[in-house]
Amino acid sequence: MGIHGGAAEHALSDLSWRAMTARDLDAVAALAVIAFPDHFEGRDCFENRLALNPPGCFVLAAGEGAPKGYLIAYPWRAESAPALNVRLPAIPDDAAVMYLHDLALHPDVRGQGWPAPVVERLAAEAGAAGWPALALVAVNDAAPFWERRGFTVVETPALTAKLSGYGAGARYMVRRLRA
């Protein structure tokens, strides 16, 4: 499918970030396979995250159309990361940061500036809700991408073993939202 000229270009120009719904989950799971082939997470994992924190789940789509990207975030413990592809029973009582679980884009829309609006929206909403920071695990050598969005690598001995499950080069990163 070409993205220059015709209907495809028009459809992509109509994209915007909106709240994720249950009807988006199949497409989100399919996008995850494309974006993170070495870090499989099933549809049930995304369904679980949406149920835990609907306000932190977004899709990039033209209206109610099929998503071309997604972002999932939820409150979590500082200097910690949940295991991959595991359903979480609840948001932890000691959650101290807004954890950005995934940001993924279909190859058709990469390189067009789509991450900035949703990351800034998440940062603004998390800060307004009182969260002191956003945190994430950068995989697939994505640390420079996240550094350009205000995140810094945080080395913690407690995370060394856990990060090995995320693959070589995985980095725990934090973006402070308030002092």
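In this tour, a residue is called buried when its relative accessible area is under 20%, exposed when it is over 50%, and partly exposed in between, computed with a 1.4 Å probe on protein chains only. The structure is a predicted model, in which local features need pLDDT of at least 70 and side-chain atom pairs count only at pLDDT 80 or more, while totals for chains, interfaces and linings use all residues. Residues are numbered from 1 along each chain as its sequence is written, and side-chain values use heavy atoms, with hydrogens and water left out.

**First stop: the cysteines**

Please select C57, which counts as buried at 1% relative accessibility. Next select C45, likewise buried, at 0% relative accessibility. A disulfide is a covalent bond between the sulfur atoms of two cysteines; the criterion applied here is a pair of cysteine sulfur atoms within 2.5 Å. The cysteine sulfur closest to that of C45 belongs to C57, and at 11 Å it is too far for a bond. The structure accordingly holds 0 disulfides.

A salt bridge is defined as a side-chain nitrogen of Lys or Arg within 4 Å of a carboxyl oxygen of Asp or Glu. By this rule the count comes to 8 salt bridges. Select D108 and K68, whose side chains form one with an N to O distance of 3.2 Å. Which parts of the chain does this pair tie together? D108 lies in the loop between β4 (97-105) and α4 (115-128), and K68 in the loop between β2 (57-61) and β3 (69-76), so the pair connects parts that are 40 residues apart in sequence. The helices (H or I, at least four residues) and strands (E, at least two) are DSSP runs, numbered from the N terminus. Both D108 and K68 are buried.

Now select D94 and R77, which form a salt bridge with their closest N and O atoms 3.0 Å apart. Both residues sit in the loop between β3 and β4, 17 residues apart. D94 is partly exposed, with a relative accessible area of 47%, and R77 is also partly exposed, at 33%.

Move to E125 and R121, where a salt bridge spans 3.1 Å from N to O. The two residues lie in helix α4, 4 residues apart, about one turn of the helix. E125 counts as partly exposed at 37% relative accessibility, as does R121 at 33%.
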